[in-house]
Amino acid sequence: MHEGGNGGGRRAESQASPSGADQEYLSLERELTVLLRRARASQGEMAREVHPDLEPAAYGLLVRLDEHGRQRATELAAYIGVGKATMSRQLRALEELGLVAREPDPADGRAWLVHLTDEGRGRVGKVREARRARYVSKLAHWDRREVAELARLLGQLNRGMER
């Protein structure tokens, strides 16, 4: 088939072989895709380790509460990036499993603070410790400075994505 004389052949060629800068972003996209696919699968495993009935998406809420303590549902929803209705449903499920509890916010009697129960803290701590041990094992051949640099860069990426 004959191509038109408007440079169509060149355009197709440039799309097939991106410039060097584009190649870096394509490599980043490819590696993040693999990482996120593995993270989703791992999140499901970790959620089941905390409790067999725990939704994978709720695991991140438990980790957030473990690291930052009592928080309002609105703060959790903003951090996770979900709406109030979704957050309410997830928190209700976590309460039913005995992993979180609510208490009135002393700064605002109309609001509630969510926190891990002792059971929730114990279960999350156990799973997080096992996960940390897996990272240590998988990255044993890395220099600790490389691990720290990876954590720093991922943190920088996460903060940049919040904007």
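1. pLDDT is the predictor's confidence in each residue, running from 0 to 100. Keep that in mind here, since this is a predicted model. Over residues 1–14 the pLDDT stays under 50, and for that stretch the model has two contacts beyond four places in sequence. Where pLDDT is low, the predicted coordinates should not be read in detail.

2. Now the chain as a whole. Its mean pLDDT is 87, and 87% of the residues reach 70 or more.

3. On to the core. The largest nonpolar core contains 21 residues, and V50, L54, Y59, L62, L76, L94 and V100 are the ones with the most contacts inside it. At least two residues each come from α2 (20–50), α3 (56–68), α4 (73–80), α5 (84–96), β3 (108–116) and α6 (118–138). The largest share, six residues, is supplied by α3. As background, nonpolar side chains in soluble globular proteins tend to be buried together.

4. What does L62 touch once its neighbours within four places in sequence are set aside? The list is V50, L54, L94, L99, V100, L116 and V124.

5. Next, the pairing of α3 with α6. Their axes come within 10 Å and cross at roughly 100°. Angles of 65 to 115 degrees count as roughly perpendicular, so α3 is roughly perpendicular to α6. From α3, the residues involved are Y59, L62, V63, D66 and E67, and they meet R121, V124, V127 and R128 of α6. Sorted by class, this contact has five nonpolar and four charged residues, with no polar ones.

6. Is Q71 buried or exposed? Q71 sits in strand β1, which covers residues 71–72. Its relative accessibility is 9%, and the cut-off for buried is under 20%, so Q71 counts as buried. Not counting residues up to four places away in sequence, Q71 touches R64, L65 and L76, along with W112, L113 and V114.

7. Last, a look at E45 in helix α2. With a relative accessible area of 38%, E45 is partly exposed. E45 and P56 are eleven residues apart along the chain, and 7.8 Å separates their C-alpha atoms.

Definitions and conventions
Residues numbered from 1 in each chain as written. Predicted model: local features only at pLDDT ≥ 70, side-chain atom pairs only at ≥ 80, totals over all residues. Heavy atoms only, no water. Core = buried A, V, L, I, M, F, W, Y, C linked by side-chain atoms within 4.5 Å. Buried < 20%, exposed > 50% of the residue type's maximum accessible area, 1.4 Å probe, protein only. Helix = DSSP H or I, 4+ residues; strand = E, 2+ residues; numbered from the N terminus. Contact = heavy atoms within 4.5 Å. Axes fitted to C-alpha atoms, helices over the stretch in contact; angles between N-to-C directions. Parallel < 35°, antiparallel > 145°, perpendicular 65-115°, else oblique. Nonpolar A, V, L, I, M, F, W, Y, C, P; charged D, E, K, R; others polar.
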